[in-house]
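Please look over the sequence and the model shown here before reading on, and keep both at hand while you follow the text.

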Amino acid sequence: MNSPAALKPTKAGGTAFGLPGIYYWSEPHFREDMSRIFYRNWLFAAHECEIPNPGDYVTVTIGRDSLILARDNAGVVRGHFNSCRHRGSIICHQSKGHAQRFVCPYHQWVYGLDGRLEQFRLMQDDCDKRDYPLHSFRVEVVCGFIFINLSSAPPSFDLARETFTRFFSPHCTTPVKVCVDIDYLVKANWKTIFDNNRECYHCASGHKEFCLSNFDFGMPGDPRSSAEFLTAHATAQQKWEHLRLSPGPVNFPNGEWFRCMRFPLKKGFVTESLSGEPVAPIIGDFSEYDIGSLRIVGLPNMWFHLNADYFMTTRLTPISAAETRARVVWYVRADAVEGRDYDPLRVADVWRITSEQDWKLCEMNQQGLQSSRYVPGPLSRTAEQGVADFAKWYLAQLGRTLEDAGGHGDDGMRLIDRVDSLISSETNGFE
Ligand code: FES
Ligand SMILES: [Fe+2]
């Protein structure tokens, strides 16, 4: 039988440890994640090119909510809760479509694209249509990328808008279209997936194809980066400055939810492809392909890679404590012609292979995290600082600090103390 004390790892001075296992599999913790993180923070939802014309819409599911993103007659992207104001039926039951108006399939109440209730047949005079618009949520569009927030008091989007605009703008001067999209159901907690995203410790062994074009270890300004990376970065930086592509890295400033950095690719690669060759025509303002790869991470649900010839976005939407939907979308220039200018299979190659490798690693990690014997092990200061930083951001979202969690001298021990209190307050399957 394990006592909580016996589960503590050997203390290693200054070493960080991951989150306790219970955060990855308990349904109460999952519900807390949804209410305190996914229903409060800004989320990536879709790209404008998926709804180019008035009346086009897509639906997105967050927690218990189905949501509609629709372009109204004025061209504005609107966010509506997909729940009729009569008796609550879902109104749009497809993942995407086109409508002049939204007609509820149950009793045919009719809503405009802007959410206003326009008709409700057989209703009495003392009911006023103006009182029953669809519930709405906040939407922000930055260079085509659509962000949403379900809170009635969303945090400011100003810094994100300003930062994303600076980084995205040169890539977004030409319209794009969806080239490939794949929806995965990953049998892992959303944090298992994000922990995996925040480190490249596993890349050399787990992502042979990704590592053809990408350095598995390297951060601008980090003296622990490999010499090959530092040389490539210094050379690329000069070129980016010349091309006016040099906004310095933005790395979760002051605990913010986003990171934007441009990375050089390996010699012989002008994009993240298997061959090193471009896989589609140039998107945006560039006269050449070799501009590195712009990587954006947004907590809690997105990461993007913007190459000169294609973009890749990944969007996470949690389903349960141990299941997450991951939608991966590849975009090419809107006027590129399939078969002549690009082959969708080649565009998607690297990130389809890499994503599927990651899902498998995450699913294996999730299974092991659920072990009754799991306690977090030490994180590599060289390769897993991002995992430790993500844990800090996550606990801050829950209103907890590492200090609250215990009085020990390092992050890991504080987190383990947190597990002790959870063990004592819940029956969680330990013997
Ligand atoms: S539930 Fe929509 S019209 Fe009745
Ligand atoms: Fe990975």
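Residues are numbered from 1 along each chain as its sequence is written, and chains are lettered from A and ligands numbered from 1 in the order in which they are written.

The mean pLDDT of the chain (pLDDT being the predictor's confidence in each residue, from 0 to 100) is 90, and 89% of the residues reach 70 or more. Over residues 1-10, however, pLDDT stays under 50, and it also stays under 50 over residues 422-431. Where pLDDT is low, the predicted coordinates should not be read in detail.

The largest nonpolar core has 99 residues; such a core is a set of buried Ala, Val, Leu, Ile, Met, Phe, Trp, Tyr and Cys residues joined through C-beta atoms within 7 Å. A residue is buried if 20 or more other C-beta atoms lie within 10 Å of its own, exposed if 12 or fewer, and partly exposed in between, with C-beta atoms placed from the backbone. Helix H8 (residues 344-369) gives the largest share of this core, seven residues; helices (H or I, at least four residues) and strands (E, at least two) are DSSP runs, numbered from the N terminus. Among the residues with the most contacts inside the core are Ala 45 and Leu 69. Leaving aside neighbours within four places in sequence, Ala 45 is in contact (C-beta atoms, placed from the backbone, within 7 Å) with Val 60, Leu 69, Ile 146, Phe 147 and Ile 148.

Not counting residues up to four places away in sequence, Val 141 touches Glu 48, Val 77 and Ile 146.

Turning to the backbone, most residues other than glycine have a negative phi, and most peptide bonds are trans. A cis peptide bond, with omega about 15°, joins Leu 299 and Pro 300, and Pro 300 is placed in the loop between strand S14 (293-298) and strand S15 (302-306). Arg 244, although not a glycine, has a positive phi of about 60°; Arg 244 lies in the loop between helix H7 (227-242) and strand S12 (250-251), and it is exposed because 9 other C-beta atoms lie within 10 Å.

How values were computed:
This is a predicted model: local features need pLDDT of at least 70, side-chain atom pairs count only at pLDDT 80 or more; totals for chains, interfaces and linings use all residues. Two residues are in contact if their C-beta atoms, placed from the backbone, lie within 7 Å.
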